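This report describes a protein model with a ligand.

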Amino acid sequence: MEQALSRDPLVVAGTSAAPDLTEDEARARVGRLLARRAAGTGDRWVVVADGLDVGVVGARLEDDGWELGWALLPAGRGRGLAPGAVRQVAETLLAGGAHRVRALVLPGNAASRRVACRAGFVRDGVLDRGGRRLQVWCRAPAARA
Ligand SMILES: CC(C)(COP(=O)(O)OP(=O)(O)OC[C@H]1O[C@@H](n2cnc3c(N)ncnc32)[C@H](O)[C@@H]1OP(=O)(O)O)[C@@H](O)C(=O)NCCC(=O)NCCS
């Protein structure tokens, strides 16, 4: 999954993921993700449709709280899967005590803006990270959509 995502142009354009991972690099990435999960500072869920793994929703604990990211492989797109998957992960984290959950979206990423909105997130300004200006989307426990 990590290798396939790294080889998809839309995922590379829309996320901070390193492009075109070798199998060893992808396995090393999975190792880092598992270490983060063990430390309680990250987690990752696979989106499954018709028995196939078609994407991921990832969560990472930053200084400001939990940040979500998401990506689907081409086989999972255009089926309305992303908003429900993102909503479930956000609600899991909020139910676990997070006071809010954020997502950072590149301004040109219309599909992800729509996903955030449909998952109950609201716009909460912009920030600069890694030389890129990102839209902040926020989901708080009281949000309804
Ligand atoms: C973002 C992503 C998961 C959306 O997947 P998707 O399958 O296209 O999304 P869905 O089918 O669930 O549709 C979600 C909404 O986005 C809309 N949408 C999809 N592509 C769009 C586009 N290019 N422009 C505008 N809206 C778009 C859909 O119409 C739908 O809205 P609606 O329910 O109001 O009609 C997918 O494009 C992807 O993996 N992108 C690369 C990774 C990425 O950018 N991640 C964001 C990190 S924050």
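## Sheet

In which sense do β4 and strand β6 pair, and over how many bridges? β4 and β6 (residues 132–139) pair in the antiparallel sense over five bridges; two strands count as paired if DSSP finds at least two bridges between them. Within this pair, Val101 stands opposite Arg139 in β6. The model is predicted, so local features need pLDDT of at least 70 and side-chain atom pairs count only at pLDDT 80 or more, while totals for chains, interfaces and linings use all residues. Residues are numbered from 1 along each chain as its sequence is written. Helices (H or I, at least four residues) and strands (E, at least two) are DSSP runs, numbered from the N terminus.

The sheet is open and has six strands in the order β1-β2-β3-β4-β6-β5, with mixed pairing. β1 (42–49) and β5 (122–129) stand at the edges with a single partner strand each, so one side of each lacks a neighbour in the sheet. Neighbouring strands are turned by 30 degrees against each other on average, direction ignored. α5 lies across β3, β4 and β6 and runs at about 165 degrees to β4. Axes are lines fitted to C-alpha atoms, for helices over the stretch in contact, and angles run from 0 to 180 degrees between N-to-C directions.

## Ligand shell

Around the ligand there are 24 residues, of which Gly14, Arg77, Ala110, Ala111 and Arg114 come nearest; a residue is near a molecule if its C-beta atom, placed from the backbone, lies within 6 Å of it. The largest share of the shell, six residues, comes from α5. By class, the shell has 13 nonpolar, seven polar and four charged residues. Here Ala, Val, Leu, Ile, Met, Phe, Trp, Tyr, Cys and Pro count as nonpolar, Asp, Glu, Lys and Arg as charged, and the others, Gly among them, as polar.

Gly14 lies in helix α2. Gly14 touches Leu106, Asn109 and Ser112, not counting residues up to four places away in sequence; contact requires C-beta atoms, placed from the backbone, within 7 Å.

## Nonpolar core

The largest nonpolar core has 27 residues, and Val57, Leu68, Trp70, Val86 and Val89 touch the most other members. Such a core is a set of buried Ala, Val, Leu, Ile, Met, Phe, Trp, Tyr and Cys residues joined through C-beta atoms within 7 Å, and buried denotes 20 or more other C-beta atoms within 10 Å of a residue's own, all placed from the backbone. α4 gives the most to this core, with six residues.

Technical notes
Two residues are in contact if their C-beta atoms, placed from the backbone, lie within 7 Å. A residue is buried if 20 or more other C-beta atoms lie within 10 Å of its own, exposed if 12 or fewer, and partly exposed in between; C-beta atoms are placed from the backbone.
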